[in-house]
Amino acid sequence: HGALDNTPWPVLEQRYKYYSKIIPLMFEALGVNPKDLEFVKGSEFQLKPEYMYDVLQMSTFNSINDTKRAASEVVKFGDNPKLAGLLYPIMQSLDEVYLKADVQYGGIDQRKILMFARENLPKIGYDARVEVMTPLIPGLVGKKMSASDIKSKIDLLDNEEEVIKKVKNAECVEGDPDNGLLAFIKYVIMPIKLDNNKKFLIKRDRKFGGDLTYSNYNEIEKDFISKKLHPLDLKNSLALEINSLLEVFRKNKKLLESLSSEAYS
């Protein structure tokens, strides 16, 4: 399935090894115990006759336009779309069944594929699942986070200095809450704080009014809009929070860097 979205066939196994090590650490960074997390390779069930039979069944209920529209925000089609990209939403839908999943989770960019699954699974005798979507966080620079623009995102393997530099150089206009930093605080930092009954601390020099503490995101945004909270103070405190989250990855950095170099060579 990964190869359908242009992952080179020779590195599929290396990507699997990398993800299977780094994703549990993501849960651990959020304070979740990953001991019950189970990884399943798509190829362990996607090559079985009954799975491919269902792929063919579902393909008879959908046109090229149906599948292209469903995958349009996820698959890189280009001017001359590959057949692989058209199979993508069919297989993602069937993965729910063969993984015995009750819920599929994805970003809002997945909404067309998730709706495709809900509409099509009953056509071949399966129940529609619950689909959970979350907002996409804007990039540090520009509106969209991009894998090709290292300045637009924090990498899980960035060191402390790299994080501080990227956050410091992020777009963050005083009084304007429409930026990637506040979005990250809203959708990542504050939910973690609330889950652990903690507050978000803004460290400031006494001459600038001293420290600020926030128990919810709305208070942060309100003070930012009113310019009570300066972008630099926000950036300094957010960099500390991000570096704290990334500590678990740095403890495993040597292994992760080795796996990453093989997966993305």
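Which loop does Lys 100 lie in? Read on through the close-ups to find out.

This is a predicted model, where local features need pLDDT of at least 70, side-chain atom pairs count only at pLDDT 80 or more, and totals for chains, interfaces and linings use all residues. Residues are numbered from 1 along each chain as its sequence is written, and side-chain values use heavy atoms, with hydrogens and water left out.

**View A. Lys 100 has a positive phi of about 55° although it is not a glycine.** You'll find Lys 100 in the loop between helix H5 (83–98) and strand S1 (103–107). (Helices, H or I with at least four residues, and strands, E with at least two, are DSSP runs numbered from the N terminus.) Lys 100 counts as exposed, at 71% relative accessibility. (Buried means under 20% relative accessible area, exposed over 50%, and partly exposed in between, using a 1.4 Å probe and protein chains only.)

**View B. Here Tyr 18 meets Tyr 264, in a structure that holds 5 aromatic pairs.** Their ring centres sit 5.9 Å apart with planes at 85°, so this pair is edge-to-face. (Rings of Phe, Tyr and Trp, the last by its six-membered ring, pair if their centres lie within 6.5 Å; planes under 30 degrees apart count as stacked, over 60 as edge-to-face and the rest as tilted.) Tyr 18 is in helix H1 (residues 12–29) and Tyr 264 in the segment after helix H12 (253–263), so the pair ties together parts 246 residues apart in sequence. Tyr 18 is buried at 8%, while Tyr 264 is partly exposed at 42%.

**View C. Tyr 51 and Tyr 98 form an edge-to-face pair.** Their centres are 5.0 Å apart and their planes at 70°. Tyr 51, in helix H3 (residues 49–59), is buried at 0% relative accessibility.
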